[in-house]
Amino acid sequence: LFSGRPTLSETQMAENTTTVPGTPHVEECQDSVTRPAGNTTQYAAGDAISDNATTATAAGAFTLDFRSRMGGGMTLLDFTLHKSDHDVTTATFWLLLFDALPAVAGWEDNGQLAITDAEMKNCKGSVTFAAADWQNVVLGDIQTVSKTIGIVLAATSTTLYGILVAGDTYTPGDAEVFTLTVKALVE
């Protein structure tokens, strides 16, 4: 009955697949923050980890752009943090997630986090990377935290910002790079 009709291979079908609006799918975003060069000053608990010791810049925060998620809800699922400096000892880090970037004054590198109460109202959640859970690898340390955080972005936004904070004392590497990867279930 259907002889002579062209058929698509599985590969061709996969290449022609599109996401239907309203169909849940997993999206992944990644960004890095590079600490100041020449600076290995130990962090105290509550110190911000950023790109500049005098004035943090937007590059001092993780910028996670979920392009398909403008003005809607999503569920954050997995948070992977990689630090480029391989340490024998590890530390605890806190990740604070915002839907609006806090003013740069208040999260300079190695300074006590000083975000205002008004800015904290834009905090969508936090994730703790515990000292005991780091996997030491040759080119740094890595940890994945599986945690479900439901969020709703503003109508004109696709972006979340992450500020990293030392939860304990930590001696960083020179120009150490922290890379954050976040997976989210979006509809």
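1. Ser50 is found in the loop that runs between strand 2 (48–49) and strand 3 (62–65). In this predicted model, Ser50 has a relative accessible area of 0% and is therefore buried, the cut-off being under 20%. The side chain of Ser50 makes a polar contact, at 3.2 Å, with the side chain of Asp51.

2. The surroundings of Ser50 also deserve attention. When neighbours within four places in sequence are set aside, the residues in contact with Ser50 include Val33, Thr34, Arg35 and Pro36. Trp107, Glu108 and Asp109 are also among them.

3. The aromatic residues form a second topic. The model has five aromatic pairs. In one of them, the ring centres of Phe93 and Trp134 are 5.9 Å apart and the planes stand at 90 degrees, so this pair is edge-to-face. Phe93 belongs to strand 5, whereas Trp134 lies in the loop between strand 6 (123–129) and strand 7 (135–137); the pair therefore ties together parts that are 41 residues apart in sequence. Phe93 and Trp134 are both buried.

4. Phe93 and Trp134 also belong to a cluster linked by ring pairs, together with Tyr43, Phe129, Tyr170 and Phe178.

5. A remark on confidence is needed. The chain has a mean pLDDT of 84, with 85% of its residues at 70 or more. Confidence is highest in strand 5 (residues 93–98), with a mean of 96, and lowest in helix 1 (residues 10–15), with a mean of 45. The pLDDT is below 50 over residues 5–17, a stretch that has three contacts in the model beyond near neighbours in sequence.

Note on methods
Residues are numbered from 1 along each chain as its sequence is written. This is a predicted model: local features need pLDDT of at least 70, side-chain atom pairs count only at pLDDT 80 or more; totals for chains, interfaces and linings use all residues. Side-chain values use heavy atoms; hydrogens and water are left out. pLDDT is the predictor's confidence in each residue, from 0 to 100. Helices (H or I, at least four residues) and strands (E, at least two) are DSSP runs, numbered from the N terminus. Contact means heavy atoms within 4.5 Å. Buried means under 20% relative accessible area, exposed over 50%, partly exposed in between (1.4 Å probe, protein chains only). A polar contact is a pair of N or O atoms within 3.5 Å; within protein, one must be able to donate a hydrogen and the other to accept it, and residues adjacent in sequence count only if both atoms are side-chain atoms. Rings of Phe, Tyr and Trp (its six-membered ring) pair if their centres lie within 6.5 Å; planes under 30 degrees apart count as stacked, over 60 as edge-to-face and the rest as tilted.
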